[in-house]
Amino acid sequence: MAYFMDESGLRAYLKKKRKPSNTIARCIKFTTQFEKFLSDHLRGKSIGDATKEDLEEFVYWLEETGVAPNAILWGLSLYFEFTSNKELRNAASRMRGARIKDVEFKIRDFRGLKEEHVKKLEQMGLTSAKDIRIACKAP
């Protein structure tokens, strides 16, 4: 079982970018998780040979096992930035962004909104940030 993450290089890269030690540790942990998945589930594949499809499979596996992939995708996007793998960095960022956009933020839970404004928005059928975003795009 061979892993090919350049951990010391990644640490140095993230330190140069002024990332705190806990961020560096999490990024390494997430990258190691992806490496282990590749090795265990994809016939011993290494992170250097990973494809966008492998990343999608990993995310699907995480979600199936009840693990939210957002933080892991964030860490992997940093790793792929370090390795100059633009395709996988962009894929990880897109996958993460798509999941963040799907989180529904209820207007009622926003701080600082007056109750009368919340009621008016709800009367218009706007109960979440997503509803407002969609309404703003409509002509």
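Start by selecting Asn 70, which sits in helix α4 (helices are DSSP runs of H or I with at least four residues, strands are E runs of at least two, and numbering goes from the N terminus). This is a predicted model, where local features need pLDDT of at least 70 and side-chain atom pairs count only at pLDDT 80 or more, while totals for chains, interfaces and linings use all residues. Residues are numbered from 1 along each chain as its sequence is written, and side-chain values use heavy atoms, with hydrogens and water left out.

Asn 70 is partly exposed, with a relative accessible area of 21% (buried means under 20%, exposed over 50%, and partly exposed in between, using a 1.4 Å probe and protein chains only). Now show its contacts (heavy atoms within 4.5 Å). Leaving aside neighbours within four places in sequence, Asn 70 is in contact with Arg 96, Arg 99 and Ile 100. For a distance check, pick the C-alpha atoms of Asn 70 and Phe 82: they are 12 residues apart along the chain and separated by 19 Å.

Tyr 79 is buried, at 6% relative accessible area.

Next, colour the aromatic rings. The whole structure holds 8 aromatic pairs (rings of Phe, Tyr and Trp, the last by its six-membered ring, pair if their centres lie within 6.5 Å; planes under 30 degrees apart count as stacked, over 60 as edge-to-face, and the rest as tilted). Phe 37 counts as buried at 4% relative accessibility, whereas Trp 61 counts as partly exposed at 33%. Go back to Tyr 79 and Phe 82: their ring centres are 6.1 Å apart and their planes are at 55 degrees, so that pair is tilted too.

Which residues make up the aromatic cluster? Select Tyr 13, Phe 34, Phe 37, Phe 58, Trp 61, Tyr 79, Phe 80 and Phe 82 together, and you have it on screen.

Move to Asp 54, in helix α3. Is Asp 54 buried or exposed? At 7% relative accessibility, Asp 54 counts as buried. Not counting residues up to four places away in sequence, Asp 54 touches Phe 34, Phe 37, Leu 38, Leu 42, Lys 45 and Asp 49.

Now draw the link to Lys 45. Asp 54 and Lys 45 form a salt bridge, with the closest N and O atoms 2.6 Å apart (a salt bridge is a side-chain nitrogen of Lys or Arg within 4 Å of a carboxyl oxygen of Asp or Glu). Lys 45 is partly exposed, with a relative accessible area of 24%. Elsewhere, salt bridges that share partners join Arg 108, Glu 115 and Glu 122 into one network.

Select Lys 36 and Asp 40 for another one, where the closest N and O atoms are 2.5 Å apart. These residues are 4 residues apart in helix α2 (residues 21-41), about one helical turn. Lys 36 is partly exposed at 42% relative accessibility, and Asp 40 is partly exposed at 40%.

Then jump to Arg 11 and Glu 7, whose side chains meet in a salt bridge at 3.1 Å, N to O. Both lie in helix α1 (residues 7-16), 4 residues apart, or about one turn of the helix. Arg 11 counts as partly exposed at 34% relative accessibility, and Glu 7 counts as partly exposed at 35%.

**Last stop: a surface patch**

Finish on Leu 113, in the loop between α5 (86-101) and α6 (115-123), which is partly exposed at 38% relative accessible area.
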